[in-house]
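Me: I would like to learn how to read the contacts between chains in a model of this kind, and then how to follow single residues within it. Could we go through it step by step?

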Amino acid sequence: MQTTLEIATQGRGSYEITPQVSAQVTRSRITSGLVHLFIQHTSASLLVCENADPVVREDLEAFMSRAVPDGDPLFRHTAEGPDDMPAHVRSVLTDCSLCIPVLSGQLGLGTWQGIFVWEHRSTAHRRSIVVTVQELQRCRDA
Amino acid sequence: MQTTLEIATQGRGSYEITPQVSAQVTRSRITSGLVHLFIQHTSASLLVCENADPVVREDLEAFMSRAVPDGDPLFRHTAEGPDDMPAHVRSVLTDCSLCIPVLSGQLGLGTWQGIFVWEHRSTAHRRSIVVTVQELQRCRDA
Amino acid sequence: MQTTLEIATQGRGSYEITPQVSAQVTRSRITSGLVHLFIQHTSASLLVCENADPVVREDLEAFMSRAVPDGDPLFRHTAEGPDDMPAHVRSVLTDCSLCIPVLSGQLGLGTWQGIFVWEHRSTAHRRSIVVTVQELQRCRDA
């Protein structure tokens, strides 16, 4: 089972997609397997992060803004603005692909884990994430 | 085949789990496929690293301690202490999920690669890692 | 379907392997599924990055050279030279494993995404990448 989720971001920041991913798992009706996510962009990424206290993701954003500063004179690829190259670096330091187990028909996340799209550009973008749900063992059951 | 490994850490540092993962591959009796690991926490991660010289992981730890310092005044999420938010950042900069090929019934690691749980909190924790072993081609053989 | 790609690098830098990976997908004749890559080394990594403007990867290299400097006195594992331990750190901060969807028989990359081997050592090396192509649903079709 493969589908593409289209996520509209409002600019830099992280946007939870756990419910959408979970819905794909439910729709697939598989019991055990893996769900794989792939973001088809090089200036946004996929993130598994603490989902209880929103300050965690604010602190994370602050850390990244300091570690990979916008407008850094080191960068020469600046055609799309001061956040262009930092967005590519942030993508490389994080993940374009995630794979999460499906256990007893549910997304096998830990208690405090959520799945997020992390927009690294300052302006709003439309992001495509390919979701692939893979079942274990159906062949042997058949 | 899915199982959960429970690993008891003694606080910050990396703990080799290659033998445990390898045992799951053997137990599954598959010849070729993939083994997938997922850590159900946001303050510990999974690491593939050089496993010959232990100084490599000490240097890695030193690098991370300097790059993401404990008690950094930038962080506001400090409820669980000075290592709380740095543990989340370290998790995001590294991996919560790993996927390794199974070749001829063995874990397809390179000569110098080992698999580790990387505890980012300073105190001892119990960490759960979901291991999923996926076989290729059994259907066609059947 | 599993194969190993052998890539000869000319020292530090990124080398595109999208055509080689794409050829494996074509050869497998699968319609939908996933292609998984694993690099069997701890001083080189796999990278999904913008493939239109080569300056992006030059800037990325400049960023990494500043963030993880060669010859950093922090490091004690220096047996193979000033780029030895930085290569391990760069590997840990990036990816040893990638998984990309196969859609309609093609590699499901976004328009501006390419796949690269990222050599972190200064000298030329031979790098092995295990490619596993997994099909969805063939069992149910059978």
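Me: Where should I begin with an interface, and how many residues of chain C are in contact with how many residues of chain A?

Reply: The size of an interface is often given as the accessible area lost when the parts come together. In this predicted model, 37 residues of chain C are in contact with 31 residues of chain A, and the area buried between these two chains is about 2700 Å², with carbon and sulfur atoms giving 63% of that area. Of the area that chain C buries against chain A, 21% is supplied by Asp59(C), Phe63(C) and Leu136(C), more than by any other three residues.

Me: Which elements give two or more residues to the side of chain C that touches chain A?

Reply: In chain C, these elements are the strands E3 (33-39), E4 (44-50), E5 (97-103) and E7 (113-119), together with the helices H2 (55-67) and H4 (138-141). The largest share of this side, 9 residues, comes from H2(C). Sorted by class, the side of chain C that touches chain A holds 22 nonpolar, 8 polar and 7 charged residues.

Me: What should I then note about the contact between chain B and chain C?

Reply: Here chain B contributes 37 residues and chain C contributes 31 residues; the buried area between chain B and chain C is about 2700 Å², and carbon and sulfur atoms give 63% of it. Asp59(B), Phe63(B) and Leu136(B) account for 21% of the area that chain B buries against chain C, more than any other three residues. Between chain B and chain C the count is 3 salt bridges, and one salt bridge joins Asp59(B) to Arg76(C), with the closest N and O atoms 4.0 Å apart. The rule finds 13 residue pairs in polar contact across the interface of chain B and chain C, both residues being at pLDDT 80 or more. On the side of chain B that touches chain C, at least two residues each come from elements including helix H2 (54-67) and helix H4 (138-141) of chain B, and H2(B) gives the most, with 9 residues.

Me: How do I describe the relation between the copies, and what rotation superposes chain B on chain C?

Reply: Two copies of a chain are related by a rotation about an axis and a shift along it. For chain B and chain C the rotation is 120° and the shift along its axis is 0.0 Å, with an RMSD of 0.0 Å; that is the relation of a three-fold axis. Chain C can likewise be laid on chain A by a turn of 120° and a shift of 0.0 Å along the axis, again with an RMSD of 0.0 Å.

Me: Why do the copies meet through different surfaces?

Reply: Only 14% of the interface residues of chain B are also interface residues in chain C, so the copies meet through different surfaces.

Me: Where does Asn51(C) lie, and which residues is Asn51(C) in contact with?

Reply: Asn51(C) lies in the loop between E4 and H2 of chain C and counts as partly exposed, at 31% relative accessibility. Leaving aside neighbours within four places in sequence, Asn51(C) is in contact with Glu16(C), Thr111(C), Trp112(C), Gln113(C), Gly114(C) and Phe116(C). By contrast, 25 Å separates the C-alpha atoms of Asn51(C) and His88(C), which are 37 residues apart along the chain.

Key. Residues are numbered from 1 along each chain as its sequence is written. Chains are lettered from A and ligands numbered from 1 in the order in which they are written. This is a predicted model: local features need pLDDT of at least 70, side-chain atom pairs count only at pLDDT 80 or more; totals for chains, interfaces and linings use all residues. Side-chain values use heavy atoms; hydrogens and water are left out. Contact means heavy atoms within 4.5 Å. Buried area is the accessible area (1.4 Å probe) that two parts lose on being put together, summed over both. Helices (H or I, at least four residues) and strands (E, at least two) are DSSP runs, numbered from the N terminus. Ala, Val, Leu, Ile, Met, Phe, Trp, Tyr, Cys and Pro count as nonpolar, Asp, Glu, Lys and Arg as charged, and the others, Gly among them, as polar. A salt bridge is a side-chain nitrogen of Lys or Arg within 4 Å of a carboxyl oxygen of Asp or Glu. A polar contact is a pair of N or O atoms within 3.5 Å; within protein, one must be able to donate a hydrogen and the other to accept it, and residues adjacent in sequence count only if both atoms are side-chain atoms. Copies are superposed by least squares on the C-alpha atoms of residues with pLDDT of at least 70 in both. Buried means under 20% relative accessible area, exposed over 50%, partly exposed in between (1.4 Å probe, protein chains only).
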